[in-house]
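Please go through the structure shown below together with the notes that follow it.

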Amino acid sequence: MRRDTLTKAAIVVGAVVATLVLLPLLEEIVVAGALFLTAGAFLVFFALAVLWHVARRHPLADVLIAAWLLHRHERRVRRVIDAQSWSVRGTHPSSWPPPDPRTRSPW
């Protein structure tokens, strides 16, 4: 047998042995990951349900939501006022007059 054939055979045998050895370990890791993800999703869902229940019954939640909505509304109004003030032309004349299209060069 040639050396290349022996090298290729050794690589194939090594890959098969590594797969057979690592496959149970990989399977355990995948199962543990799926269990952790499922448990985490359940805990997040449970925490959100508890928070929703508390928020629906607690009067402070209404105050916080109203404060947030009012802040959001004021921020939008301020943004609109700023945009309008930028679009209005200044009251004092500029030192650079706009170009006259009649005197412009066609080039």
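A residue counts as buried under 20% relative accessible area, as exposed over 50% and as partly exposed in between (1.4 Å probe, protein chains only). The model is predicted, so local features need pLDDT of at least 70 and side-chain atom pairs count only at pLDDT 80 or more, while totals for chains, interfaces and linings use all residues. Residues are numbered from 1 along each chain as its sequence is written, and side-chain values use heavy atoms, with hydrogens and water left out.

The protein chain has 2 helices and 0 strands; these are DSSP runs numbered from the N terminus, with at least four residues of H or I for a helix and at least two of E for a strand. Of its 107 residues, 1% count as buried. The accessible surface of the protein chain is about 10800 Å², and carbon and sulfur atoms hold 71% of that surface. Such areas come from the Shrake-Rupley method with a 1.4 Å probe; for residues, only the protein chains shown count as cover.

Next come the aromatic rings. A pair of them is described by the distance of the centres and the angle of the planes. Rings of Phe, Tyr and Trp (its six-membered ring) pair if their centres lie within 6.5 Å; planes under 30 degrees apart are stacked, over 60 edge-to-face and the rest tilted. The count by this rule is 1 aromatic pair. Phenylalanine 42 and phenylalanine 46 form a stacked pair, at 6.4 Å centre to centre and with 15 degrees between the planes. About one helical turn separates the two, because they are 4 residues apart in helix 1 (residues 3–57). Phenylalanine 42 is exposed, at 55% relative accessibility, whereas phenylalanine 46, at 49%, is partly exposed.

Helix 1 also contains isoleucine 29, which is exposed with a relative accessible area of 52%. Isoleucine 29 belongs to a nonpolar surface patch with Val13, Val17, Val21, Leu22 and Leu25, and the accessible area of the patch is about 560 Å² together. Patches take residues with over 30% relative accessible area and no salt bridge, joining nonpolar side chains (Val, Leu, Ile, Met, Phe, Trp, Tyr) within 5 Å and like charges within 9 Å. A salt bridge needs a side-chain nitrogen of Lys or Arg within 4 Å of a carboxyl oxygen of Asp or Glu.
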